[in-house]
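Thanks for coming. I will keep this short and go through one structure, part by part.

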Amino acid sequence: MIKFFKRIRYNLMEQNNTAKYFKYAIGEITLVMIGILLALQVNNWNENRKNRQFESEIIALIDNNLLKDSMSLAVELKRAKLAISTTEHLLHEIDQGIYSDSLNYMMGKIINFQRFKSQSSAFEVLKSKGIENIRNKQLQLELITYYDEILFSVYESCLDVEKSFNTDWIPLIKHEFSDFKWLEFCVPIDSKSFFEKPSTIVLFKLFKDNRVGQVDIMEKAIAKITEIRNLIKSDTI
């Protein structure tokens, strides 16, 4: 009988020890899980902090690129408008039968082209990282509109002017001009004969039309840049 009670006592002690070990194990597992959750939370916090830092830095760089684009476009816009007004003046002089040397200098301002190159490096970095890094959805859309749509039209309008220069004007410069200096003057061999040809007048009008299209798209680009930069400013206040 004594042995029986000893055995029961022993079994109870074993059960108590097992329960203690089980509670201890649960406690250890709980602590490990809490540690993992805290580590994940800290990791997520660090990732969010890095993303916000990247967002802030890339927006600042994009804003700087847009400012440079705006300044470059303003210069090209001024040149295009000057070419248009000069063309109108030249055509008026020709219509009046005035073939003075001033026409040669007018042509210097008309018969040329300029290339435009956007400062888009920051936007390219953003695209490679993922444009969703910018939380403002409207800003995302406006940037895509400017860089992927409006800039394409700007390049096309500049290319139209350049193509016309190379295709239409270069042959005339080679065969019908006695002298030519880029952006300064063009001297026809026979001014009266050159300006009285209907094909010459048509060519000036076509070239002016290309410039008008260029002005229109450049003004849209500058307006879009202003809109985006104002959005950036209001979003960072």
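This is a predicted model: local features need pLDDT of at least 70, side-chain atom pairs count only at pLDDT 80 or more; totals for chains, interfaces and linings use all residues.

Let's start with the cores. In general, nonpolar side chains in soluble globular proteins tend to be buried together. Here the largest nonpolar core has 31 residues. Within this core, the residues with the most contacts are Leu-73, Leu-143 and Tyr-146. At least two residues each come from helix 1, residues 2–95, from helix 3, from helix 4, and from helix 6, residues 198–236. Which helix gives the most to this core? Helix 6 does, with 9 residues.

Now look at Tyr-146. Leaving aside residues up to four places away in sequence, Tyr-146 touches Leu-66, Asp-69 and Leu-73, and also Ser-118, Leu-151, Ala-221, Lys-224, Ile-225 and Ile-228.

Next, the helix pair. Helix 3, residues 121–129, packs against helix 4, residues 137–176, at an angle of about 115 degrees, and their axes are 12 Å apart. The crossing is left-handed. Helix 3 makes the contact with Phe-123, Leu-126 and Lys-127, and helix 4 with Leu-143, Ile-144, Tyr-147 and Asp-148. Of these residues, 5 are nonpolar, 2 are charged and none is polar.

Last, Asn-112, which sits in the loop between helix 2 and helix 3. Is Asn-112 buried or exposed? Its relative accessibility is 3%, so Asn-112 counts as buried. Beyond four places in sequence, Asn-112 touches Val-161, Phe-165, Trp-182, Leu-183, Phe-207 and Arg-211.

Technical notes: Residues are numbered from 1 along each chain as its sequence is written. Side-chain values use heavy atoms; hydrogens and water are left out. Axes are lines fitted to C-alpha atoms, for helices over the stretch in contact, and angles run from 0 to 180 degrees between N-to-C directions. Helices (H or I, at least four residues) and strands (E, at least two) are DSSP runs, numbered from the N terminus. A crossing is left-handed if the near helix is turned anticlockwise from the far one by less than a right angle, and right-handed if clockwise. Contact means heavy atoms within 4.5 Å. Ala, Val, Leu, Ile, Met, Phe, Trp, Tyr, Cys and Pro count as nonpolar, Asp, Glu, Lys and Arg as charged, and the others, Gly among them, as polar. Buried means under 20% relative accessible area, exposed over 50%, partly exposed in between (1.4 Å probe, protein chains only). A nonpolar core is a set of buried Ala, Val, Leu, Ile, Met, Phe, Trp, Tyr and Cys residues joined through side-chain atoms within 4.5 Å.
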